[in-house]
Each structure stands twice: as C-alpha cells, then as structure tokens.
Amino acid sequence: MWAESLKPDLLVPLMILEQPLLFYRDQYGVAAALDDMCPHRLAPLSLGRLLPNGNLQCGYHGLEFDSSGQCVRNPHGSGRIPRACAVHRYTLVERHRLLWIWPGDETPDPGAIPDFSFLDEDSGYDVGPRDTIRMDSNYRNIIDNLMDLSHASFLHPDLLGNEETIQARIDIKQEGNSVQVRRDMNDVRPPLLRDLLFKQDGARVNMWNSIRWDAPSALLNDVGTYAPEADPAQFAGQLGCHILTPQTADTTLYFTAAAKQGPLASRSADGEVDFKARIAELRRTAFKDQDDPMIRAQQINIRLHPGVRPVLFEIDAAPVRCQRILNALIEEEQKRVSSRISEEP
Amino acid sequence: MWAESLKPDLLVPLMILEQPLLFYRDQYGVAAALDDMCPHRLAPLSLGRLLPNGNLQCGYHGLEFDSSGQCVRNPHGSGRIPRACAVHRYTLVERHRLLWIWPGDETPDPGAIPDFSFLDEDSGYDVGPRDTIRMDSNYRNIIDNLMDLSHASFLHPDLLGNEETIQARIDIKQEGNSVQVRRDMNDVRPPLLRDLLFKQDGARVNMWNSIRWDAPSALLNDVGTYAPEADPAQFAGQLGCHILTPQTADTTLYFTAAAKQGPLASRSADGEVDFKARIAELRRTAFKDQDDPMIRAQQINIRLHPGVRPVLFEIDAAPVRCQRILNALIEEEQKRVSSRISEEP
Amino acid sequence: MWAESLKPDLLVPLMILEQPLLFYRDQYGVAAALDDMCPHRLAPLSLGRLLPNGNLQCGYHGLEFDSSGQCVRNPHGSGRIPRACAVHRYTLVERHRLLWIWPGDETPDPGAIPDFSFLDEDSGYDVGPRDTIRMDSNYRNIIDNLMDLSHASFLHPDLLGNEETIQARIDIKQEGNSVQVRRDMNDVRPPLLRDLLFKQDGARVNMWNSIRWDAPSALLNDVGTYAPEADPAQFAGQLGCHILTPQTADTTLYFTAAAKQGPLASRSADGEVDFKARIAELRRTAFKDQDDPMIRAQQINIRLHPGVRPVLFEIDAAPVRCQRILNALIEEEQKRVSSRISEEP
Ligand code: FES
Ligand code: FES
Ligand code: FES
C-alpha cells in the first residue's frame, strides 16, 4: 500500500490474502496492521473508532486495544481482561514510500524488501502519480503477463508495442529468488509511449525493456529508447514499479508509479504535471483496460479446464522461472506449517 | 408472522429455515402453511391460484389441493389421484395476533407459545405499529445481541445508551428453556428513547431493562425508567416483542412491536399516533441500521475463521446460557431424527 | 444456432454444455466451432481477431490458427510450433438453416439430424421469424414441459388452451430415440392462437397437437384445427420447431420458428409480415414469459429437495419416455468414456 494512502485518524479495512485486515496510524503516526476482528465477538474493529490516545475502540461492546493488539480496557463490570484477549498485529515496514507487510509465518526481514529506491523522497527521480489499480485477476497470472512482454504488440497495439516490436533479443538472468528478463528491439517504429518519452518525432528507434521480478510479487521495469546507431547511453525512458498484493484468488491490488530516466528524457510543452498525469493515464489504460480483461478471461478458462496444461514457447522462459520459484516457496511454507502443527502437543 | 399481514385471498410465499413455504387463509379464514411445492412436478403452489371453494390450484397442470394438503382433483384423463399426492401442511396457531409455526419434528404444543399477551386485542395496552424487519444476519447472533444490552452504549449511542449506561447491575434468571437478564443503571443521563418515554426533560434517571428469551427465538423486553430516589413503581417505559424467524443461515425476519407501560408514561404533544410512529421509527433505526450491519459483519468474520472461539466476558453470561440451551435442543432433535431413520425398514 | 445468426467476419463466443466455444465463418464462409481457448496460455480466442486469410489470431501473444484448429504461426523468436499446439474443432453441419454441433464423443453422423425440412429455403413453407430465446431453465425440464401440453390450459390460459382443452385423447408413439405424442381435443372453444390461425371467428373447433421429440433435444410441433363434423383434411394450423441447446445446468438456448400449414390457413388483413410477427410475438410470450418462470421455479424446488420424486400421472407418459431414453444415452456415453479412460496406458 502507498504510505501516503494511509492518512492519520483513518481506519482502513483491507482484504489481503482472503483475510480482512485493518490499517491505521497510531498516535505517533506509525502505521499498524491488525486482524480486523475483535477477539470478543469477532466484530470488525474497522467499525469501531480510533481514540485520541491512539487506542482502538471496538464499536460493538467497547473493548479497547493498543497498537500492539493487546486489549487494554474492558469498560464493563469488574473490568477484568483475559490474557488471550488480543488481536494479531502484523509486521509493517514503511520504505520507499510504500508499506510492506509480512502476512506469512516467516520471521519478518526488512532486508528482504527489494530495492525500489527510485521511489524515495530524495531519490532525485521525479516520480509521477502513485496509482492503485484493482485488478480482477490473480497475481500469478499478472506476473506471467509482466514477465513476458511479447504480448505488448498484440494486447497494447500502438501504445506499448506494434508489429515491428514482436521480434526481440531476449536475455534472462536469475539470482536467488529474483528473475530479470531483458528484451532488445532494434530499428523499429516507436509505439506511442516510447515516442512520448523520447523525441516525440516518430522516428525509428532502438528500445529495451528490462523487467526484474523479486519473489513473491514486486516488479521493477527499466525502459529505455535511443536512436539507432547512437550511443545507448544517450537514451530516454522510465523506471516503473509494479507491485502486486493479492486480495483474493480473483483480485489483486496493483501499485504502480513511474519516473522518467535518461539524459534525453523529453520535456512536455504542457508542463511536467500534465505530462506525468498523461503518462500515468496511458499506463492505467494498458493495465486496467487491456491487460486485466484478458488475464481475467484467461483465468476463467484455466479454472474451467483444470486438467489442461499450457503449451509453452520460448517467450515463456522467464515467467516459468518465476512460477517455479513461487511453487518452491509455497511448498516450503506449507512444510513448515505442517511440521509445526505436528509438533504441537 | 403478524396475523394481520396474511390477508384473505392472498398466496404468500415465504422461505423459512431454507424451506419455501406457502401461507394463505382458507375459505373459513383459517391460516394455513404448506410446503410451496406441488407433489406432481414440484412447481411452487404459490404460482397457482386460490379457488373460491378454498382449494389451491397448481398453476402448472391444474391439480387441486384442500387446506389439509391432500390432492382432491386431477382434471386430466381418468382423474385418478395417487394416495401419495399430498403436500405437507404445517401446524399453525394464531395467538397474540401472531402466527406460530411448528417446522420441526416435535408434536406441536400450543402451550409452548411464550406469553406475549400484551399484544392481544383486549390486553389494555396501546400497541404501536407491528413491524417486520428483514435482517441480513443469523438469528443466533441476533439473540447474542439482544441478551447482552451492554452494547447499547456503543452501537446505539445517545439513542438507547450512553457512556453513563455502560456500568450496570446484572441479574440473570434461568427457568427451563427460558433465560431472563435484567440490567439496572442508576442515576444516569437518559438516552433519547428513555427520555421520550419518560419526562422528556433530560433530567437524570434510574433505568432498567429486563429481557426474557424463550427458546428458540422469542424475546420480550420490559423497560422502565424512574426518578432517582423515587418509588420505582412510579415509572414509565415500554414492553417490546422481538420475535425472530430464521429464513436462511444469513437472513432472519424480525417481528417487533412495542407498547408504553407505567403510571408515568408520557403523552405526546403531536398526538398518540404520531408518537407511536416516531418510537417505531427510532426502534427500526436501532435494529436495522445499527445492529444489523454490525451483526452481519461479525458473522462474516465468524465464517472466515471457523477455528476462532470468542473470548468471553461477564456480559456474555446470559447469551451463553441461551446458546447452550439451543445447542442442547438441536442435538436432541438430531438424535430423534437419526434414531427414527435407523428404525425405518 | 440459426445459420443466419453467424454473420461473416464475426467471432461469436457461446457457452454450450458449460464449455466456452467460439463460432465463426472461415474465408470460404464455412461455419466452424472451436474451443474458445488458446493452447498457449488459455486466453479466449474470441478476444483475438479473424485475419483476412481466414486464420484466427490470439489477442494475447498473437499465435495464429487455421480453421482446423491447428496452430500455423508463432510470430516470436524461432517461430517453432509444438505439435500439441492445436485447438479442438467440433463437427458442425449446416442443415435446415440451422447449425448442428457434435459436442460429445460419438462419431458425428449428419444422418442423425432429425427432419426439419419445413425450415429449408425451398420447402414451400412460409416460415416466420427465426427466434432465439434464452431460457433460465434446464433443457430436460423444458422437454417435460413440451411433451406434456396439458399444461396449456393452466399456464397459457386463453392463449394456447382453456378449460375446455384440458381433456384430450392422448396417443403416444415411440420409435428408437424418438417419441411422438398427439392430443386431440374435440368440440372446444378455440384459444386465441388457434382462432388466429383458423377462421378468426371464435366458433367451436376440433384441434390437435402432435409433437415429436428426437433425442437429445429437438422437437417438432404439428398443430391443426378444423370445424367439428368437417373433414380433418380441411384444416389450418402450423408447424413449429423447438430446438434446445443446453448452455449450463440452469440455462438453455431455445431456437424456435413456425410456419402456417393446411388448406384453410388464414390470411391476415394487416399483411403477412405483420401477421407472422404477431404470431412469433405470442409464441415468445408463451415460452419466455409463461413457461420459463414456472420451469425455473420448479427447478429450484427440485434442487432444494433432491430426495423428493415427482408423483406421476397419465399426462406424464410421454415425457417419462423421453427422460428414460436420455438417461440411457447418458449412461452409455459415460460407460464409453470411462472404458476409454481405463484403456489408456
Ligand atoms: S465484539 Fe468487540 S467488544 Fe464485543
Ligand atoms: S406441477 Fe402441479 S400440477 Fe403439475
Ligand atoms: S494465450 Fe494465445 S498466444 Fe498466448
């Protein structure tokens, strides 16, 4: 979640991984995430209120909780509070102007947050609007979409690709639980977004995409365009983040923002604010209006035909690696969980 | 169901306990409830019509049924009627201007109907509008709500409770399958509804709630307010019925009405009809607009976390007793049903 | 599907038997039906486009397929195409201005298409509008409806039946997987549709219905009306087709059209086009506004009471035969399928 979306004094309920959570900032402004469920009668705490002292008051019978999740006040009768009366609090780290949550069973490790420092306040990058898109599709199918950008020519014709950008040199690198795939397309007619970010003259270009995926679902897209025969260092392009938070099996929050990069990055006649808004609008069109309906329709077919395996091609090499890593991580977690359960008395 | 809602010449389909039933009045005005399903091809009888002779005619192929549920006419071919051609008729008793139904397997016993005689025509009470509220929540969670009125201070602030009414003396009585819980709150600022029913001057009061639950789901709320230090017999308040009919696991029909009681019961300047309508409106706001969304949200959490048990407090003593009685009654019925099944050849 | 509904250059996605299929005409105008699912990533091919050369291009990554379903172009990288990269193509036969599909496992046999030659271009019949009705009910319950027209007096009062048409002489013939049921109703007041097709004077008539069902779900209704005591050959009536394509367990496409028949077939003062439109409108009212809600409601009861068997009457003789044949055909197919599975290595 974008840190800026979590305003003070607000209770923000958010379904993540099929669990209803509650996000808010405590009296010191520190972001907190709790299960959105009072331990008393299981009413959602998001229907209660945030007290001036930073405590949460349940809206049903008025129990109060501090931001660690512990119940600290029972206003009824003797006022006694059973020990077990506490809400699960999730580790939350605010970094790169995003909130990172640890919903699983692993020891939270802020060192594992992938590098999105271009989004930092003091990064020197001029970051456009921080957008939140609700996708009606599963995060794993969105990863397949992003790690195989060959689809741009067909699904985003003229906007992100065209007939000349189908053929590309593909390079894949894998390091631990990170996969990077680079596409180089040389001497091609530039699609609209490339041209806007470059010379805005429609002249033929060399262009690259280099997209990095870090498990489970954070992607950084490095895009550049330069004149054929010119020095590739004389380029213009952008960095974009594509961070996916699964809400349910069918829906995903897609956090995305972009910043121009490269010595030739163009200026707009209409002023930078308008220009950044226009770029953000085009990106939203591509992701929400073009990618999402296709992925959702694909997903319906996948569900209807559980026995059918995709026929894979060269373009699938990068997404296949990501899915293998995800499968392994999920399997490991399930083993940990079931061994923990069998150890319990 | 309110007896007055079942008008002559109408076929009223109503889902009760996940079963589609049909209510109507026969040629003598006697209320009847049948399975809403023709034994021929299972079409709903509510899509047919009530003949002048009091018989029901199925709207699909025209079989006719008397109010005992027996098929009495087959208009086709030889006109032969197989013995098995009958609809199940439920016992229905009209009492206290309500219709009471026996959906289960027990021998119907009108003596088991709890006392709601204040609703009778000749009770001497001036009963307000008989309201039917469709709640989007399960009847058992509504019972928890009503048997623990400590929630009034938080969920109905200023209307039914306030900060001063949180603390109360609680007395619980149990007799057979009936539980009564009384709350006394002394020397408090009166919430709106109390003040309206009492002196309408906002002066501090003593007040009580005494709510009686009879299994499975009929509640009578006896409410009174009097001046601190005064004789409690010099009070004003009201009697209210809260009768719950489960439709599905997620929906309940809530039949409610109230009548003023006590020597000091106030009169309204606007006339009694308007006053009763205003009180009914405030009660509907509390139940439908405040209780129902909270209970429904609570219920979603309960479903999402089947393993999580509520952490219970002193205020839960009365609802816990009701739920134990319900569990026992349900278990008994299931035993009866399964022993009957195993006895069948 | 009506052949005329499948226009050139269109991709028509259609769910049949819970499977998403894609219908279109290839470059020669020949109708084709494919699984609406690309073998690559399972995206629906209906979101792609039809190329001028008659190939289908997937809208996600641009694979191309010919109308046999074989992948014939991979525009990426080496262009290599795995053998398995093909879509299932269904046999489709265009006959009687309808498209007939073989969704099951049997060898397609165009000889098995029942005779609806009155619908042919050169049949000599003046066929009215070819209507497609989406029914919100299961095809088997619609067959029960059509094979027992005794319901007309109750469900279509005055339009297709009335009190005098309840009693009828019923004759049933069965031949292989075809069942025919004839109802003769003599000396009766004519329902509206009969009168419109005959003398339009409201005088009493003899009338018949003879409806033929061919497994699994194609029905031909032969209707005639003549004056009592007159020669039955001096009649007027119509032929109607009722062809049912199951989409899901709850929805069916109902393809219907009618043509007048008989030496006395009446002419309309308003001209034939208006007259045919009026007849089609009355038929649509009967099927969609009267039959469908009843069948759908019946179906909900059937689902809610899986243990309840219908109580059958004489009028059920014909539909019972059809359902037995369907049960036998389904059982045979399941045996074939499971024996094929067990034979696989
Ligand atoms: S449910 Fe939260 S205090 Fe009761
Ligand atoms: S379904 Fe009721 S008469 Fe046939
Ligand atoms: S899903 Fe059809 S080409 Fe990829």
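How many salt bridges does the rule count over all chains? The count comes to 64 salt bridges over all chains, a salt bridge being a side-chain nitrogen of Lys or Arg within 4 Å of a carboxyl oxygen of Asp or Glu.

## Basis of the description

This is a predicted model, in which local features need pLDDT of at least 70 and side-chain atom pairs count only at pLDDT 80 or more, while totals for chains, interfaces and linings use all residues. Residues are numbered from 1 along each chain as its sequence is written, chains are lettered from A and ligands numbered from 1 in the order in which they are written, and side-chain values use heavy atoms, with hydrogens and water left out.

## How the chains are related

Chain A is superposed on chain C by a rotation of 120° with 0.0 Å of shift along its axis, at an RMSD of 0.1 Å, where copies are superposed by least squares on the C-alpha atoms of residues with pLDDT of at least 70 in both. The two copies are thus related as by a three-fold rotation axis.

Chain A can also be laid on chain B, with an RMSD of 0.0 Å, by a turn of 120° and a shift of 0.1 Å along the axis. In chain A, the C-alpha nearest this axis belongs to Asp250(A), which is 14 Å from it.

## The interface of chain A and chain B

The contact between these chains, meaning heavy atoms within 4.5 Å, takes 28 residues from chain A and 30 residues from chain B. Chain A and chain B bury about 2500 Å² between them, with 61% of it on carbon and sulfur atoms; buried area is the accessible area (1.4 Å probe) that two parts lose on being put together, summed over both. Of the area that chain A buries against chain B, Arg41(A), Leu42(A) and Tyr60(A) supply 31%, more than any other three residues.

Between chain A and chain B there are 2 salt bridges, and a salt bridge joins the side chains of Arg41(A) and Asp144(B), at 3.4 Å from N to O. The side of chain A that touches chain B has 14 nonpolar, 10 polar and 4 charged residues, in a scheme where Ala, Val, Leu, Ile, Met, Phe, Trp, Tyr, Cys and Pro count as nonpolar, Asp, Glu, Lys and Arg as charged, and the others, Gly among them, as polar.

## The interface of chain A and chain C

Here the contact takes 30 residues from chain A and 28 residues from chain C, and the area buried between the two chains is about 2500 Å², of which carbon and sulfur atoms give 61%. Phe154(A), Met294(A) and Phe313(A) supply 25% of the area that chain A buries against chain C, more than any other three residues.

Across this interface the rule finds 2 salt bridges, and Arg41(C) forms a salt bridge with Asp144(A), the closest N and O atoms being 3.4 Å apart. Helix 1 (139–147), helix 2 (152–155), helix 4 (272–304) and helix 5 (317–343) of chain A each supply at least two residues of the side that touches chain C, helices (H or I, at least four residues) and strands (E, at least two) being DSSP runs numbered from the N terminus. Helix 4 of chain A gives the most to this side, with 8 residues, and by class the side has 17 nonpolar, 8 polar and 5 charged residues.

## Features within the chains

The UniProt record, in an unreviewed entry, places the feature "domain: Rieske" at residues 1–101 of chain A; such positions are given in the numbering used here, feature names are shortened, and annotations may be inferred rather than shown by experiment. This span of chain A is 0% helix and 36% strand, and its end C-alpha atoms lie 9 Å apart.

Elsewhere in chain A, the side chains of Glu164(A) and Arg189(A) meet in a salt bridge, at 4.0 Å from N to O. Glu164(A) lies in the loop between helix 2 and strand 12 (169–175) and Arg189(A) in the loop between strand 13 (178–188) and helix 3 (192–197) of chain A, so the pair ties together parts that are 25 residues apart in sequence.

The peptide bond from Ala215(A) to Pro216(A) is cis, with omega near 0°, and Pro216(A) is placed in the loop between strand 14 (205–214) and strand 15 (218–226) of chain A. In chain B, Asp187(B) lies in strand 13 (residues 178–188), and its phi is near 55°, a positive value in a residue other than glycine.
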